[in-house]
Amino acid sequence: MERNSWFKEKILLGMTFKDYISRHATLPFLIAFLILAFSFYSMIYRLIYGLGPATNLSDTYPWGLWISFDILAGIALAAPGLTLGTAVYLFGAKDYKKFARPAILSSLLGYIFAVFALMFDLGRYYRIGYVIFWSWGLNSILFLIAWHFFLYIIICLIEWAPAFFEWLGKDKLRDFFSKLGIWATVFGVIIAGGHQSALGGLFLVAPTKIHPLWYSDMLPLFFLISALFAGISMVIIESTISHRVFREHLKDFEPKEFDRKTIGLAKALIIILFVYLILKLFDLAHNDNWHYLKSNYGYWYLLEIVGFVLAPAMILINAVKTNNAKLVRITAFVIAFGVIINRFNVSLIAYNWYIPLAEKYYPTWMEVSLSFGVITLIILFYRFIVRRMAIL
Amino acid sequence: MDRREFLKRALTIAGMTLIGLCGDSSASPQNDKIKGQNYKIRDQNYEEAVQNEGIVQDSKKATGNIANRRNWGKYEKTKEFPKEPYAVLVDLTKCIGCRRCEWACNEWNKNPNRPLKEFEESKDKKPSVFDRIRRTLAGEFTVVNRFYNGGTPVYVKKQCMHCAEPACLNACFVDAFKKTSYGAVLYNPSLCVGCRYCMIACPFDIPAYEYYDPITPQITKCTMCFDRITEGRIPACVEICSADVMRFGPRSEMLRLAHEKINNNPERYINHVYGEHEAGGTNWLYISTVSFEKLGFPKLDKTPIPTYSKNFLFTVKVLEIVAAAPLVWAAYYMISKNKGEKVLDSSATPKNDKTKIQNNRIREQNEKDSK
């Protein structure tokens with residue numbers, strides 16, 4: 001009986017089981033349930049029949065949607081913890097304290113589910129522990145990434161632990177992890193910076209396979225910087241959505257203050273976007289790749305750079321001038337989408353760029369549904385935790 | 001697949017997951033059973049397969065490769081090591097496109113195969129396997145492609161180049177590749193996690209993957225017949241070649257032979273031994289009449305592929321160590337600054353948070369009641 005009431009209190013938010021279920025029988029949950037049903041089918045199908053029947057991966061395209069979207073794009077978009085955690089806890093940007101906890105939670109969930117999705121991509125997923133405990137390929141960039149992922153998830157757990165133990169009412173543990181928090185943040189900066197750039201570094205070994213417009217010695221730096229602006233735009237996106245959805249959870253919500261902070265984030269975004277643009281231009285000039293611009297790949301490259309980096313930067317400048325927080329929020333979506341496009345470009349579209357279009361990779365519906373399922377899981381877990389713990 | 005088969009596979013997966021960490025699962029009895037099934041499927045396909053397309057399909061979907069384990073086992077037992085690595089010199093001007101090397105390779109490595117006659121015929125057949133440029137597959141470690149120089153066909157054998165500094169070895173995050181002193185690059189299936197990064201890294205697009213094996217898929221590629229050369233024999237493809245295209249011997253000797261051939265016949269060969277310097281040098285060397293770019297060889301400079309990642313890894317290590325100091329200092333600074341207050345936000349407002357949660361719950365209950 002004791003346990004039952006704890007369950008009712010903490011998990012069901014004080015409702016009975018029946019009430020809890022009936023309250024969740026809404027259209028959004030129905031859609032989520034449908035997506036999950038499809039993605040679970042794909043997962044089981046992949047596990048039983050293998051990668052060959054379930055995906056369009058081939059010997060020419062060993063990495064497909066799951067790597068491009070779930071890992072490369074997903075991890076870049078899970079950078080809020082890196083950017084805001086650092087700004088708040090290390091550089092004392094106290095103004096943004098309210099943004100920090102959701103940022104850390106989204107990083108934690110982002111990383112855990114990226115690894116979850118990766119398990120389906122690995123041929124022998126049950127050996128994932130080998131890289132940590134058994135056999136070390138010390139010269140591999142992927143080894144660096146594997147270890148950094150492992151460590152960073154631990155770091156995110158430590159940073160998130162105060163909220164967790166607060167929820168359980170264990171004050172001593174909460175205080176203990178609060179004190180550890182700043183150290184976790186310090187190492188988190190190093191670790192996150194290391195692996196965000198290493199994700200770009202993965203493609204350094206394919207100089208002959210990636211289109212010259214995207215291949216660069218600076219790939220790691222590009223990945224790191226784009227992860228920074230992806231992270232900040234995700235903070236804006238997240239706060240926009242959660243302030244709309246969880247409005248009733250925020251007791252002392254001041255729209256004006258919130259807008260002011262959003263504009264502040266936009267200023268940071270502008271600076272990082274321009275640093276990125278200048279480096280990209282420098283890279284283009286240094287490798288003398290101008291002549292590639294007059295091809296289909298060149299137009300696509302220009303669309304990525306102008307449409308999703310330069311244009312948003314200009315719009316943001318305008319938005320800051322006119323104090324238009326709404327415009328900032330819309331632009332944040334464009335920037336995050338641009339980062340997803342960039343990751344697809346490097347890992348799929350510019351990869352093996354010389355082979356005919358008909359032989360290029362495109363994902364099967366199972367690959368797509370599994371990825372959507374993972375996003376749905378992240379959202380559901382985020383919602384579950386936000387409604388129970390002191391995150392917002 | 002009926003229900004029983006489904007259950008069996010599902011249970012096997014569960015079992016594999018459990019024993020995965022306890023050692024080499026590829027040696028388990030379940031695995032052998034699955035491999036047996038695969039052979040059966042392979043035999044059936046063999047009967048039904050349309051000639052050329054059939055074998056491509058078989059090779060693509062091949063599973064249960066045994067060459068990897070055989071060669072790795074051999075490597076672990078090897079005690080004698082030659083002073084100089086071996087190499088194969090391929091003289092492309094001599095190749096007549098009989099594909100006997102493909103047949104011999106399949107035969108020796110127990111890959112899906114067809115009668116030798118069918119391989120020899122494909123040169124004159126229409127349509128033919130040569131109509132498309134092929135790559136190595138899970139059950140096919142070497143392929144011969146046809147290119148045209150003006151009107152004359154040029155046949156090019158493709159297989160693992162056995163780099164001096166292999167990109168695959170360097171890319172592997174569990175260190176499952178080994179560059180042996182024989183020159184051969186070997187793959188250890190008992191460590192592989194299946195990330196397929198070696199396939200991304202290989203500049204020659206050689207490693208193939210057993211995509212159709214759900215539980216114990218492996219990378220497959222040419223082993224330079226390690227299990228033959230350690231016994232004093234020459235690779236199967238070299239042995240069967242009746243056109244004298246390939247020569248096997250110590251690398252320096254093969255290089256000397258290549259340059260000698262070029263110097264003696266400057267009108268027959270271009271002055272380029274592909275593999276002498278490419279990507280830091282390889283243990284398969286090619287000489288040809290036509291420039292190698294026209295024959296599907298990637299244009300590579302002398303930089304070994306591993307150099308690209310090594311430079312980056314070094315930079316990251318340096319930066320991480322350098323960055324650690326100021327960050328730790330900043331952390332100390334923040335802690336001492338906040339000593340009076342509490343360190344993190346959570347400890348600053350715990351009571352508020354708790355009341356917030358309670359309020360939420362109460363609010364929700366009220367909503368419920370009002371309904």
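Asp259(A) is partly exposed, with a relative accessible area of 30%, in a predicted model. Accessibility is classed here as buried under 20% relative accessible area, exposed over 50% and partly exposed in between, with a 1.4 Å probe and protein chains only. Asp259(A) forms a salt bridge with Arg329(A), and their closest N and O atoms are 2.6 Å apart. This pair links distant parts of the chain, with Asp259(A) in helix α12 (residues 255-286) of chain A and Arg329(A) in helix α14 (residues 325-349) of chain A, 70 residues apart. Arg329(A) counts as buried, at 13% relative accessibility.

Residues are numbered from 1 along each chain as its sequence is written, while chains are lettered from A and ligands numbered from 1 in the order in which they are written. Local features need pLDDT of at least 70 and side-chain atom pairs count only at pLDDT 80 or more, whereas totals for chains, interfaces and linings use all residues; side-chain values use heavy atoms, with hydrogens and water left out.

**Salt bridges**

- A salt bridge is defined as a side-chain nitrogen of Lys or Arg within 4 Å of a carboxyl oxygen of Asp or Glu.
- Over all chains, a search of the whole structure finds 21 salt bridges.
- Glu102(B) and Arg134(B) meet through their side chains in a salt bridge of 2.6 Å, N to O. The two residues belong to distant parts of the chain: Glu102(B) is in helix α5 (residues 100-108) of chain B, and Arg134(B) is in the loop between α6 (116-121) and β2 (143-149) of chain B, 32 residues apart.
- Glu102(B) is buried, with a relative accessible area of 0%, and Arg134(B) also counts as buried, at 8% relative accessibility.
- In chain B, Arg114(B) forms a salt bridge with Glu118(B), with the closest N and O atoms 2.5 Å apart. Arg114(B) counts as buried at 12% relative accessibility, and Glu118(B) is buried with a relative accessible area of 18%.
- One network, built from salt bridges that share partners, joins Arg99(B), Glu102(B), Arg134(B) and Glu140(B).

**Strand β1 of chain B**

- Helices (H or I, at least four residues) and strands (E, at least two) are DSSP runs, numbered from the N terminus. Two strands pair if DSSP finds at least two bridges between them.
- Five of the six residues of strand β1 (residues 86-91) of chain B are buried, so this strand is largely enclosed by the rest of the structure.
- β1(B) pairs with strand β8 (residues 246-250) of chain B in the antiparallel sense, over five bridges. Within β8(B), Pro250(B) is the bridge partner of Tyr86(B).
- β1(B) and strand β9 (residues 284-287) of chain B run parallel and are joined by four bridges. Within β9(B), Trp284(B) is the bridge partner of Val88(B).

**Nonpolar surface patch of chain A**

- Patches are made of residues with over 30% relative accessible area and no salt bridge; like charges are joined within 9 Å, and nonpolar side chains (Val, Leu, Ile, Met, Phe, Trp, Tyr) within 5 Å. Accessible areas come from the Shrake-Rupley method with a 1.4 Å probe, and for residues only the protein chains shown count as cover.
- Phe133(A), Trp134(A), Phe150(A), Leu151(A) and Ile154(A) form a nonpolar patch on the surface, and together they have about 540 Å² of accessible area.
- The elements that give two or more residues to this patch are α8 (130-134) and α9 (141-168) of chain A. α9(A) gives the most, with three residues.
- Phe133(A) lies in helix α8 of chain A and counts as exposed, at 66% relative accessibility.

**Chain-level values**

- Chain A averages a pLDDT (the predictor's confidence in each residue, from 0 to 100) of 86, and 97% of the residues score at least 70.
- Confidence in chain A is lowest in helix α1 (residues 2-10), at a mean of 67, and highest in α14(A), at 92.
- Chain B has 14 helices and nine strands, and 53% of its 371 residues count as buried.
- Among contacts in chain B (heavy atoms within 4.5 Å) between residues at least 6 apart in sequence, 64% join residues at least 24 apart.
- The accessible surface of chain B comes to about 17,400 Å², of which 56% belongs to carbon and sulfur atoms.
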